[in-house]
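Below is the model, then my notes in the order I looked things up.

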Amino acid sequence: MMNLYQRRRLTNLLSLSLSALATGIALLFLFWILWTLLRNGLPYLALSTFTQSTPPPGSQGGLANAIVGSLILTGGGIIIGAPIGILAGTYLSEFGRNSRMATLLRFVNDVLLSAPSIVIGVFVYELLVRTMGHFSAYAGAVALALIVIPIVVRTSEDMLRLVSDTMRESAAALGAPQWKVITHIVYRAARPGILTGILLALARISGETAPLLFTALNNQFWSSSLGQPIANLPVVIFQFAMSPYEDWQHLAWAGALIITFSILVLNIVARSFLRTRRARH
Amino acid sequence: MLIPGSPSDAAGPGMTDSTATPASRIQRGAVRDRLFRGATVLSGATVFGLVLGILTALAVGASLALQKFGAGFLTSTAWNPVTEQFGAAAPIYGTLVTSVIAMLIGIPISFGVALFITEVAPTWLKRPIGTAVELLAAVPSIIYGMWGLFVFAPWFADHLQPWMQAHLGSLPWVGALVQGPPMGIGMFTAGLILAIMVVPFITAVMRDVFTVVPTELRESAYGLGATTWEVVRHVILPYTRVGVIGGVMLGLGRALGETMAVTFVIGNAQQISASLFMPGNTISSTLANEFNEAVGDTYTSSLLGLGLILFMITFVVLAFARLLLGRVGGRI
């Protein structure tokens with residue numbers, strides 16, 4: 001018969017073991033997914049993957065046009081979204097602060113942050129694709145920008161708030177107008193943090209598929225015109241993976257490997273960036 | 001600490017004209033102040049405008065279907081593009097069921113991981129494990145979908161599904177949930193993959209709120225001789241309950257709106273089945289599959305109606321999460 005003490009010890013051991021098991025399960029899935037990508041993607045990764053365009057079924061090809069298209073779309077998303085996000089974050093941290101307006105804006109920003117990406121795709125379709133009459137790279141970049149904005153608003157505000165008020169006050173005491181205090185002092189102090197936020201947003205949109213389905217669509221050929229549908233890795237992976245052609249599926253795995261490891265590297269870089277920054281403070 | 005650069009760095013556009021009179025410089029500063037402030041206000045207004053725009057676009061687009069089908073749109077299981085009869089019941093059912101499965105599996109795992117990282121793991125192990133779990137959130141959802149369809153579903157059909165049917169199939173109530181051919185894909189698989197996808201989000205919030213517990217409380221309990229589990233169960237959980245529920249809500253919001261992973265594995269059938277092993281559909285997977293191919297105004301409008309419903313559901317869930325997390329103090 002166990003006494004109370006032994007029973008408490010046993011309960012403790014059991015629950016802590018279960019928590020270790022839960023952690024093990026979570027990590028197992030991560031490694032299972034990464035292993036799957038390496039095993040299925042690595043054999044089909046070749047130089048031609050990066051130099052040739054997507055092939056018709058049954059012939060040789062690569063993903064070059066999709067990779068370039070993805071770079072254009074994500075770059076466009078950041079160029080449109082980041083400035084708006086930084087400025088709105090600046091409003092929250094420098095002007096709005098604890099006002100009712102700022103509190104409301106924070107909530108609305110969270111709504112945008114949690115909006116399903118497919119809903120954003122549908123919205124941009126209604127807004128741009130329907131009115132212009134065709135799918136385009138512009139529409140794709142705008143859809144991605146709508147995902148970038150709330151992320152950057154949030155991280156920018158957080159990072160700007162970390163800058164101590166003493167610094168703002170010192171600059172103001174020297175006679176600097178507020179815009180100069182913000183652009184020359186506060187931005188400079190918060191720059192690494194804001195950049196980290198942009199990197200994380202970049203990592204997030206690099207793999208987004210749903211908002212591109214109805215906006216940028218896909219294109220089997222090289223396309224440098226932003227007014228036309230443009231090839232991009234996520235949608236190519238989706239179409240090729242779902243296709244019955246084996247060589248298309250192989251390319252889909254190669255693309256999946258490329259995209260996932262780029263995003264993981266982006267994430268790790270952004271995180272270590274943030275960590276050294278926090279450690280310094 | 002950061003010191004704003006050398007003197008040459010500090011000489012911005014406004015400082016180059018040292019000959020200007022102080023009065024005009026002050027005036028120019030005030031104008032630029034107003035311009036800069038205006039730009040930030042305009043960007044803030046853009047965020048407002050976008051959310052309003054999404055709502056309006058969806059509502060206007062959905063109005064045709066809502067007028068035609070009325071409240072029956074929510075309860076009808078019809079989905080027939082040929083006769084133009086549409087109802088949202090099947091996708092809504094699929095969305096809710098897969099999300100509930102995701103929560104039932106995801107919450108215990110997230111709690112275990114958060115507990116392990118904050119209370120059990122030695123310090124040197126905390127960071128690598130924390131980062132690895134966060135990387136689960138970085139894997140794109142389309143990758144979860146491919147892995148789910150080509151790797152997990154066949155394994156699930158060969159090993160786990162027959163075992164579950166053999167052991168649970170004859171039970172009352174539960175038995176009905178596991179009927180049907182072991183195909184690997186279906187609502188249960190979708191829920192399971194969603195569970196893995198929401199773990200990093202729920203874990204992150206739980207970790208954050210667990211560290212908010214004052215050290216004095218923790219140490220008092222330990223001082224009274226409590227075991228680690230007892231401290232968690234009787235001190236940390238009661239103290240952070242509201243925040244934990246808020247984190248769960250955030251995870252739920254993710255699961256409800258997730259698209260690509262679900263589209264790969266759910267089977268895409270517009271039907272409501274008692275068995276979780278049968279194919280189904282969610283709002284987001286219906287949109288992903290059919291929106292580009294929809295012909296006719298009623299069809300498109302019905303799909304936009306689905307989008308509107310999804311946006312409303314995630315909005316309510318988020319508002320609830322914010323309400324709870326706001327009370328824990330600070331922004332998480």
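Is N218(A) buried or exposed? I looked it up: N218(A) is buried, as its relative accessible area is 15%. My cut-offs: buried means under 20% relative accessible area, exposed over 50%, and partly exposed in between, with a 1.4 Å probe and protein chains only.

**Ground rules.** I am reading a predicted model, where local features need pLDDT of at least 70, side-chain atom pairs count only at pLDDT 80 or more, and totals for chains, interfaces and linings use all residues. Residues are numbered from 1 along each chain as its sequence is written, chains are lettered from A and ligands numbered from 1 in the order in which they are written, and side-chain values use heavy atoms, with hydrogens and water left out.

**Back to N218(A).** I found N218(A) in the loop between α9 (210-213) and α10 (233-242) of chain A. Helices (H or I, at least four residues) and strands (E, at least two) are DSSP runs, numbered from the N terminus. The side chain of N218(A) makes a polar contact of 2.9 Å with the side chain of Q239(A). By polar contact I mean a pair of N or O atoms within 3.5 Å; within protein, one must be able to donate a hydrogen and the other to accept it, and residues adjacent in sequence count only if both atoms are side-chain atoms.

**Helix lengths.** I checked α4 (residues 100-114) of chain A, which has 15 residues and reaches 21 Å from its first C-alpha to its last, close to the 21 Å expected at 1.5 Å a residue. The expected span is 1.5 Å times one less than the number of residues. Among the buried residues of α4(A) I noted A102(A), L105(A), R106(A) and D110(A).

Next came α8 (residues 178-206) of chain A: a straight helix of 29 residues would span 42 Å, but α8(A) spans only 36 Å between its end C-alpha atoms. I then found a kink of about 60 degrees in α8(A) at R191(A), shortly before the proline P192(A). The bend at a residue is the angle between axes fitted to the seven residues ending there and the seven starting there.

A kink of about 65 degrees is centred on R241(B) in α10(B).

**A crossing in chain A.** I followed α3 (residues 64-96) and α6 (residues 137-162) of chain A, whose axes come within 5 Å and cross at roughly 35 degrees. Axes are lines fitted to C-alpha atoms, for helices over the stretch in contact, and angles run from 0 to 180 degrees between N-to-C directions. The contact of α3(A) with α6(A) has 18 nonpolar, ten polar and three charged residues. For the classes, Ala, Val, Leu, Ile, Met, Phe, Trp, Tyr, Cys and Pro count as nonpolar, Asp, Glu, Lys and Arg as charged, and the others, Gly among them, as polar.

**Positive phi in chain B.** Which residues did I note here? E84(B) is not a glycine, yet its phi is positive, about 60 degrees. I placed E84(B) in the loop between β1 (79-80) and β2 (85-86) of chain B, and it is partly exposed at 26% relative accessibility. W173(B) also has a positive phi, near 65 degrees. That residue, W173(B), sits in the loop between α6 and α7 (174-177) of chain B and is exposed at 80%.

**Distances in chain B.** I54(B) is in helix α2 (residues 22-69) and is buried at 0% relative accessibility. Its C-alpha is 8.9 Å from that of L308(B), 254 residues apart along the chain.

L42(B) is also in helix α2 of chain B, but L42(B) is exposed at 60%. I got 56 Å between the C-alpha atoms of L42(B) and G180(B), which are 138 residues apart along the chain.

V139(B), in the loop between α5 (123-138) and α6 of chain B, is buried at 4%.
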